[in-house]
Amino acid sequence: MRSIWNGAISFGLVSIPIKLVNATESHSISFRQIHTEDGGRIRYRKFCELEDREVTQGEIGKGYEDADGTIIPITEEDLSSLPLPTAKTIEIVAFVPADRIDPLQMDAAYYLQASGAPAAKPYTLLREALKRSNKVAIAKFALRGRERLGMLRVVGEAIAMHGLLWPDEVRAPEGLAPDTDVTVRDQELDLADALMDTLGEVDLEDLHDEYREAVEEVIAAKAAGEAPPQSPEPATGGKVLDLMAALESSVRAARESRGEEAEHAEVKSLPQRKTARAAPKQTGGKKSTSTAKKTAAKKTTAAKKSTAKSGQGQGQGTAKKTASKSTAKKTPAKKSTPRKRSA
C-alpha cells in the first residue's frame, strides 16, 4: 500500500518512524457528466481572471482571501515550515479508555506502518502497551494543511489511527427529539426486546453493497444493448396504526425468516384486548326476574326426573315408599315457586 505521509510517533522521549497508509477504500461507482443530447463529455476549464486564459494545473497555487478581498499567496514551503511540533510528528498527548471516544467524532482511518528496522522495537512496544492497558492513545498531527486530532488503537498486529473531529466540530442534537410527551409501555418494550433478540447479531463480512451491484447490472445491460432490469413494485403498506401489532408481525416475520417454527413466533395476547371481554354487565330488574324464573323452572324439571329415576332403580315395595318419600320431599319445591315469583 502506498503511503500518504511520512513522519514519526512521539511517545514521550521515544520516537517511532512511521508511514501513514489509508486503511479504507471506496468501491462506489463514479459517473461522468455528459451532454444529454449527444453524449459528449462535460469538462471544466480553469481560467485566470486577470489574463482571461486557461491555465494548467502546474500554474495553480493556494491563496487566502482577506476580508477586503485581497489574495494572500500561501506556498507549500510556508505550510511545511509551520512552527508546530505536529508538522511531521504524531504527538501522543494522553491514554484514555476507548469508551471515552464519542463515535460521532470518528473520521477517516489510517494504518501506521513501521518505517525501517529501527522502528520495529518501539513500534512493538507501543502496540503491546496499548493491548495490555485496554486503552487508546489520543494524539495530535498535521495533515493536508491543518492540525488534526487522532485516536491510536491496535488492529490485529498493527496500529491504526482514526482521525477525530475536534469537539467543537460536533453539533449538539438540539431540537431533534420529539417535542411531545410519549409513554412507552412495558409490553411494547418487551416486544421490541424480542425483535432485537430475534434479529440477533450479524457477521459484518456477510454484508455487501447491494446498491452498487444493482448499478453494475444496469451498466452491463445497457452496454450489451439490453433493457436494464426493473425493480419490483414495492409493497404498498398502509399506516401503522397499532404499534403493538406491527411489533408482533415483525417478530413473527424475523423468526420465520430464520427458519424457526411458527409456534415459536406466536406472541401472547396483549392486555389492551381485554376491553371486549370486560364489557360491563347489565343489572336491570327485568333481566334478573327472567333469570330467576328460568332457574326455578330448571330446578322443578330436575326434581321430577330425579324422582322417576329413583323409582325405577329399586325394588317394587321399596320403590313405592321411596317414590312417595321423594315426592313428599320435592313437593315444597313446587310450593316455593310463588315465593320466587314475588322476587
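## Packing of H3 against H5

In this predicted model, the contact between helices H3 and H5 brings Gln-187, Glu-188, Leu-191, Ala-192, Ala-194, Leu-195, Thr-198 and Leu-199 of H3 against Leu-243, Met-244, Leu-247, Glu-248, Ser-250, Val-251, Ala-254 and Arg-255 of H5. Sorted by class, the residues of this contact comprise ten nonpolar, three polar and three charged ones.

Helix H3 spans residues 186–199 and helix H5 residues 243–257, and the two pack at an angle of about 20° with their axes 9 Å apart. Because angles under 35 degrees count as roughly parallel, H3 and H5 are described as roughly parallel to each other. The crossing in which H3 passes H5 is left-handed.

## Overall composition

The protein contains nine helices and eleven strands. Of its 343 residues, 18% are buried. When contacts between residues at least 6 apart in sequence are considered, 59% of them join residues at least 24 apart.

## The nonpolar cores

The largest nonpolar core has 20 residues, and those with the most contacts inside it are Ile-9, Ile-18, Ile-90, Leu-112, Leu-126, Leu-152 and Met-161. Two or more residues of this core come from each of strand E1 (3–11), strand E2 (14–22), strand E7 (89–97), strand E8 (106–114), helix H2 (120–133), strand E9 (135–143) and strand E11 (158–164). Strand E9 makes the greatest contribution to this core, giving four residues.

Met-161 lies in strand E11 and is one of the residues with the most contacts inside the largest nonpolar core. With a relative accessible area of 0%, Met-161 is buried, since the cut-off for burial is under 20%. Leaving aside residues up to four places away in sequence, Met-161 touches Leu-20, Ile-90, Ala-108, Ala-109, Tyr-110, Leu-112, Phe-141, Gly-150, Met-151 and Leu-152. Met-161 and Ala-137 are separated by 24 residues in sequence, and their C-alpha atoms are 9.0 Å apart in space.

His-162 is also placed in strand E11, and with a relative accessible area of 13% this histidine is buried. Beyond the residues up to four places away in sequence, His-162 touches Met-106, Ala-108, Ala-109, Leu-149, Gly-150, Met-151 and Arg-153. Ala-108, Ala-109, Gly-150 and Met-151 are therefore among the residues touched by both Met-161 and His-162.

Most residues other than glycine have a negative phi. Asp-52, although not a glycine, has a positive phi of about 55°. Asp-52 is found in the loop between strand E3 (47–48) and strand E4 (53–54), and its relative accessibility of 61% places Asp-52 in the exposed class, for which the cut-off is over 50%.

Asn-134, likewise not a glycine, has a positive phi of about 55°. At 63% relative accessibility, however, Asn-134 itself counts as exposed.

Definitions and conventions:
Residues are numbered from 1 along each chain as its sequence is written. This is a predicted model: local features need pLDDT of at least 70, side-chain atom pairs count only at pLDDT 80 or more; totals for chains, interfaces and linings use all residues. Side-chain values use heavy atoms; hydrogens and water are left out. A nonpolar core is a set of buried Ala, Val, Leu, Ile, Met, Phe, Trp, Tyr and Cys residues joined through side-chain atoms within 4.5 Å. Buried means under 20% relative accessible area, exposed over 50%, partly exposed in between (1.4 Å probe, protein chains only). Contact means heavy atoms within 4.5 Å. Axes are lines fitted to C-alpha atoms, for helices over the stretch in contact, and angles run from 0 to 180 degrees between N-to-C directions. Angles under 35 degrees count as roughly parallel, over 145 as roughly antiparallel, 65 to 115 as roughly perpendicular and the rest as oblique. A crossing is left-handed if the near helix is turned anticlockwise from the far one by less than a right angle, and right-handed if clockwise. Ala, Val, Leu, Ile, Met, Phe, Trp, Tyr, Cys and Pro count as nonpolar, Asp, Glu, Lys and Arg as charged, and the others, Gly among them, as polar.
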